[in-house]
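Please look through the points below with the sequence and model open beside them.

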Amino acid sequence: MRYVSLTAFLFTFWLALSGHCTPVLVTAGAASAAVCVLDAVRMRVADGEGHPIELFWGAITYCPWLIWEIAKSAWSVTKIILHPSLPISPTMTIVRASQKTAAGVATYANSITLTPGTITVGVNGRDLTVHALVREGALDLQGGGMDRRVSRFEGTA
């Protein structure tokens, strides 16, 4: 099932980039996607980490939530930057990831970095070193809301 899903994803991506739907090009795109998947199988890189289809349903709720968090943080950072006194309080903190897989920890670290005002600067096992523009951002992370949401996305919560 993973290989069929990967082939369909690659073909859909190819079709979106191509923009042409003539029979010859569609056939060439489908064949290219299938050959790429066969090569990935031969190289042993078409595994659960490379194409995690089990995360698909979790992504349906996680991605909109993350986009909303990014928008809220971007608004907060914008207000800080435009404030005449520039009220920043740079803070370094360490948060513990509760995810069970390396992909889950990476998702958590990347979600922190994607959110304006925070950046993951180091990973040591499950401990993430995070720089926050303001102390409230660090406290929010230490509250564990994003960690729980990533764990739910990963399917371990």
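Which residue takes a positive phi in the hairpin of β2 and β3? Point 1 takes this up.

1. The residue is G125, with phi near 70 degrees, in a hairpin that has 2 residues between its strands. This is a predicted model, in which local features need pLDDT of at least 70, side-chain atom pairs count only at pLDDT 80 or more, and totals for chains, interfaces and linings use all residues. Residues are numbered from 1 along each chain as its sequence is written, and side-chain values use heavy atoms, with hydrogens and water left out.

2. The order β1-β3-β2 describes an open sheet of 3 strands with antiparallel pairing. Strands (E, at least two residues) and helices (H or I, at least four) are DSSP runs numbered from the N terminus, and two strands pair if DSSP finds at least two bridges between them. At the edges are β1 (91-96) and β2 (118-124), each pairing on one side only. From one strand to the next, the twist averages 25 degrees.

3. Strand β3 (residues 127-132) pairs with β1 over 6 bridges, and D127 in β3 has R96 opposite. β2 and β3 also pair over 6 bridges; here G122 stands opposite T129.

4. Helix α3 (residues 56-82) crosses helix α4 (residues 102-114) at roughly 35 degrees, their axes coming within 9 Å. Axes are lines fitted to C-alpha atoms, for helices over the stretch in contact, and angles run from 0 to 180 degrees between N-to-C directions. Y62, L66 and I70 of α3 meet T107, S111 and L114 of α4, where contact means heavy atoms within 4.5 Å.
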